[in-house]
Amino acid sequence: MDKLIIQGGSRLNGEIKISGSKNSGLPILAATLLADGPMHICNLPHLNDITTMLALLRCMGVDVTIDEKMCVEIDPTTIRDFEAPYELVKTMRASILVLGPLLARFGKADVSFPGGCAIGSRPVDIHLRGLEAMGAEIEVDGGYIRARAPKGLKGARFLMDKVTVGGTENLLMAAVLAEGTTWLENAAREPEIVDLAECLVAMGAKIEGIGTDQLEIQGVKQLHGCTYSVMPDRIETGTYLAAAAATGGRVKLRATRADILEAVLLKLEEAGAKITVGEDWIELDMEGRRPRAVSLRTAPYPAFPTDMQAQFTAMNAVSEGASAVVETIFENRLIQTHELNRMGAHIVLEGNTAMIEGVEKLKGAPVMASDLRASASLVIAGMVAEGETTVDRIYHIDRGYECIEEKLQMLGANIRRVPG
Ligand code: UD1
């Protein structure tokens, strides 16, 4: 297994380009199943999760052609299998996103039940109940969700009793081809859902309320192919900003957007960062200062994203002062704090809250990543630590960060990958 070896102590300084969004690329790739002709999707990040989603489409018989710039041409009309097998779903839970499109377009889907993962149990009950409300018959059998809608799906009013990103995406993709109108209430409003909805509209879908928690979808008979470019990755953006802040550095991130990162930018300013933004760039300058500790609470968009919690916990670990970080979305997502403590951080866990007493310096150590964002937090910690840090199990990081060591090297970090 590959490892990252980091010599701490460099202040990040420089300019990099942000990649396309993993979390909007995945549902958009699933949405290509809804089209009745070829789709062209551009600005996809070159990441394992994206490759897994393409492999899933291909194993269903879908024709996928990819160029060197990660622009993909997908012809869903060649599909011959309607199954998402365990081997692929177990490596990526987002495979569940093919359920809604398969059911809406072809009336059947067999999708392996996604299990839990390191950050919590992660059920899909709301996805299934929403599809049932739209007339699907669903059985769970032999570890598979077997869903059928031989006469097609019907529009329905469905209130999601918890805000779920994947659930909203699955039901939105199902509703665009359902007969009649669907109202999704208490829908998630994450920018990735807006991106998916805009792609669906470009395919001919009729959706009102995009960007709000009430989506009204008028089903159409068919959707056509289109060309769509995936939005920038706001979590990758936030990660490099937090890394620069933790090291007292300065970065300019290009090909990104400030409007989808408001909660994160506000917290960085509270930490003492000087932030300047343009139409497609964000610059952060700590002017060599140590960050001030910032307390935060994760919640659905537009509040502070759970996917940025670990990186801010790492920054807080070396900040001036004390802070409380409350995780309200996933029950097990403060797990990386134990690894940070092994590097000399002072973090006490009380239920879903991390109480952090900032220390001046962390000490390099061998640490192990438990999930994607936790790995990013360990890389940040390694960059501010004295001496050498080895981050093991970085296959997690490769699921979500394109060329992480190259990008960090360009910003002046001393980091290298060692094949395991
Ligand atoms: C997506 C993101 C992930 C992010 C998360 C929250 C992708 C590929 N992943 O994950 O990076 O951390 O949103 O912003 O986009 N829940 C239920 N029943 C359900 C569905 C969800 O109880 O049927 C619960 C989950 O256990 C969790 C909460 O709802 O506690 C939010 O989960 P959800 O928004 O669905 O996360 P994902 O879509 O899996």
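In this description, Ala, Val, Leu, Ile, Met, Phe, Trp, Tyr, Cys and Pro count as nonpolar, Asp, Glu, Lys and Arg as charged, and the others, Gly among them, as polar. The model is predicted, so that local features need pLDDT of at least 70 and side-chain atom pairs count only at pLDDT 80 or more, whereas totals for chains, interfaces and linings use all residues. Residues are numbered from 1 along each chain as its sequence is written, and side-chain values use heavy atoms, with hydrogens and water left out.

Grid points are joined across faces, edges and corners, and a volume is the space filled by probe spheres set on the points. Two cavities of 30 Å³ or more were found by this rule. The second largest cavity holds about 30 Å³ and is lined by Ser 21, Asn 23, Glu 192, Asp 233, Arg 234, Ile 235 and Arg 373. This lining comprises one nonpolar, two polar and four charged residues.

The largest cavity has a volume of about 60 Å³. Its lining consists of Thr 239, Tyr 240, Ala 243, Ala 376, Val 379, Ile 380, Met 383, Ile 404 and Leu 408. Two or more of these residues come from each of α8 (234-246), α12 (372-384) and α14 (404-410), where helices are DSSP runs (H or I, at least four residues) numbered from the N terminus. Helix α12 gives the most, with four residues. By class, eight of the lining residues are nonpolar, one is polar and none is charged.

The ligand is surrounded by 18 residues, of which the closest are Asp 125, Thr 164, Val 165, Asp 307 and Ile 329; a residue counts as near if one of its heavy atoms lies within 4 Å. A polar side-chain atom of Asp 125 is 2.7 Å from a nitrogen atom of the ligand. A backbone N or O atom of Val 165 lies 2.7 Å from a ligand oxygen atom, and a backbone N or O atom of Gly 166 also lies 2.7 Å from an oxygen atom of the ligand. Taken alone, the ligand exposes 750 Å², of which the protein buries 86%; accessible areas come from the Shrake-Rupley method with a 1.4 Å probe. The shell around the ligand contains seven nonpolar, five polar and six charged residues.

Methods. Polar contact = N/O pair within 3.5 Å; in protein donor to acceptor, adjacent residues only side chain to side chain. 1 Å grid on protein atoms, 1.4 Å probe; cavity = no way out; pocket = protein on both sides within 12 Å on 5 of 7 lines; lining within 4 Å.
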